Amino acid sequence: MRRARFEAELTRKLIVDNAGAAFLPGLAFTAAACAHYGVTGWPLVWTIATSLPLTFLYIYVFDTSNQATGADEDRINKPHRPIPLGLTTPHGLLRRFWSAAPLYLLLGWLTGTLAWVALWLVDVIGLNLVATPRHYLWTKPIGMFVGTIAQLACFWQLVGPIDATGWTWILVLAIGFNLPLRYEDVRDIDGDRTRGRVTLPMLIGHWPIRLWFAVVMAAIPVVLHVMLFAPSPAPTPVVLACDAVIAAMSWTCTATSLLVRTNTTDRRSYMLYTFTYAASVTCGAILL
């Protein structure tokens with residue numbers, strides 16, 4: 001029991017930073033696909049329950065491998081993580097990663113999502129264990145774009161085949177929310193330098209990244225309304241309510257990224273951005 005409690009606490013600290021971008025969207029997009037295909041009753045409960053271990057392993061394999069190789073950065077940028085706290089070592093996290101990967105593949109095979117699970121594992125290994133810090137500038141954007149597609153496609157296919165509606169939601173969300181992702185590097189400059197990374201804020205300064213982030217986040221509610229929300233079969237008041245929620249979150253990100261420029265507020269703006277992504281995915285469960 002002590003070991004189980006220790007692993008639970010270690011895992012909580014391991015995944016807490018990425019829960020908004022990884023844990024919530026998996027469940028929400030499963031619910032969206034269920035709404036699209038009319039899955040109700042016990043099959044709905046079973047499908048949502050099945051998505052829980054899938055979404056947990058999606059984030060677990062990423063964070064174990066990422067934090068195993070990023071301990072020096074985390075000691076500066078994220079001292080609340082397991083390695084800086086002394087709860088484990090890089091070797092310990094890699095052992096957990098290689099233990100979880102076969103379970104993840106097995107679950108993908110059992111649920112009919114093996115292709116997307118395998119794609120994410122290959123992506124994670126390439127991004128976190130193969131690519132060197134000097135390649136970060138181009139490997140991170142490509143890796144996270146592929147990972148977002150793998151995430152959303154996996155949870156849609158858990159319910160049914162990916163049709164035109166599914167691909168539209170997947171691609172619009174993946175492209176829209178990966179465009180402003182480089183804002184993440186504004187808050188992590190000191191830690192990135194310790195790893196020898198070269199990031200866009202280091203090359204061109206933080207202001208162009210802030211402006212790009214602000215412009216994209218300002219545009220996202222309009223793009224989502226035109227391409228996803230308005231074409232849905234939901235009543236107009238429901239569409240407008242989703243528009244209002246996403247606009248409030250997105251435009252708050254825009255304002256805080258430009259008006260309040262401290263490391264703390266940058267971290268909060270980035271977290272709000274991840275929850276805006278999760279809320280946008282959740283709208284699929286409401287509108288489809």
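This note sets out points on helix packing, cysteines and one further residue in a predicted model.

1. Helices H11 and H13. Two packed helices are described by the angle between their axes and the distance between the axes. For helix H11 (residues 206-229) and helix H13 (residues 263-287), the axes cross at roughly 5° and come within 12 Å. Because angles under 35 degrees count as roughly parallel, H11 is roughly parallel to H13.

2. Residues between H11 and H13. On the H11 side, the contact involves Arg-210, Phe-213, Met-217, Leu-224 and Phe-229. These meet Asp-266, Ser-269, Tyr-273, Thr-276, Ser-280, Cys-283 and Leu-287 in H13. By class, this contact of H11 with H13 comprises seven nonpolar, three polar and two charged residues.

3. Helices H3 and H7. Helix H3 (residues 41-69) packs with helix H7 (residues 136-157) at an angle of about 165°, and their axes are 11 Å apart. Since angles over 145 degrees count as roughly antiparallel, H3 is roughly antiparallel to H7. The crossing of H3 and H7 is right-handed.

4. Residues between H3 and H7. From H3, the contact is made by Ser-51, Leu-54, Thr-55, Tyr-58 and Phe-62. H7 contributes Met-144, Gly-147, Thr-148, Gln-151, Cys-154 and Phe-155. The residues of this contact of H3 with H7 divide into six nonpolar, five polar and no charged.

5. Disulfides. A disulfide is a covalent bond between the sulfur atoms of two cysteines. How many disulfides does the structure hold? The structure holds zero. Cys-34 is in no disulfide, and the nearest cysteine sulfur, that of Cys-154, lies 13 Å away. Is Cys-34 buried or exposed? Cys-34 counts as buried, because its relative accessibility is 1% and the cut-off for buried is under 20%.

6. Cys-283. The nearest cysteine sulfur to Cys-283 is that of Cys-242, 3.6 Å away, and Cys-283 is in no disulfide. With 5% relative accessibility, Cys-283 counts as buried. Cys-283 is also among the H13 residues that meet H11.

7. Ala-255. This residue has its place in helix H12 (residues 236-259). Its relative accessible area is 31%, so Ala-255 is partly exposed. Ala-255 and Gly-26 are 229 residues apart in sequence, and their C-alpha atoms are 28 Å apart in space.

Methods
Residues are numbered from 1 along each chain as its sequence is written. This is a predicted model: local features need pLDDT of at least 70, side-chain atom pairs count only at pLDDT 80 or more; totals for chains, interfaces and linings use all residues. Side-chain values use heavy atoms; hydrogens and water are left out. Axes are lines fitted to C-alpha atoms, for helices over the stretch in contact, and angles run from 0 to 180 degrees between N-to-C directions. Helices (H or I, at least four residues) and strands (E, at least two) are DSSP runs, numbered from the N terminus. Angles under 35 degrees count as roughly parallel, over 145 as roughly antiparallel, 65 to 115 as roughly perpendicular and the rest as oblique. Contact means heavy atoms within 4.5 Å. Ala, Val, Leu, Ile, Met, Phe, Trp, Tyr, Cys and Pro count as nonpolar, Asp, Glu, Lys and Arg as charged, and the others, Gly among them, as polar. A crossing is left-handed if the near helix is turned anticlockwise from the far one by less than a right angle, and right-handed if clockwise. A disulfide is a pair of cysteine sulfur atoms within 2.5 Å. Buried means under 20% relative accessible area, exposed over 50%, partly exposed in between (1.4 Å probe, protein chains only).
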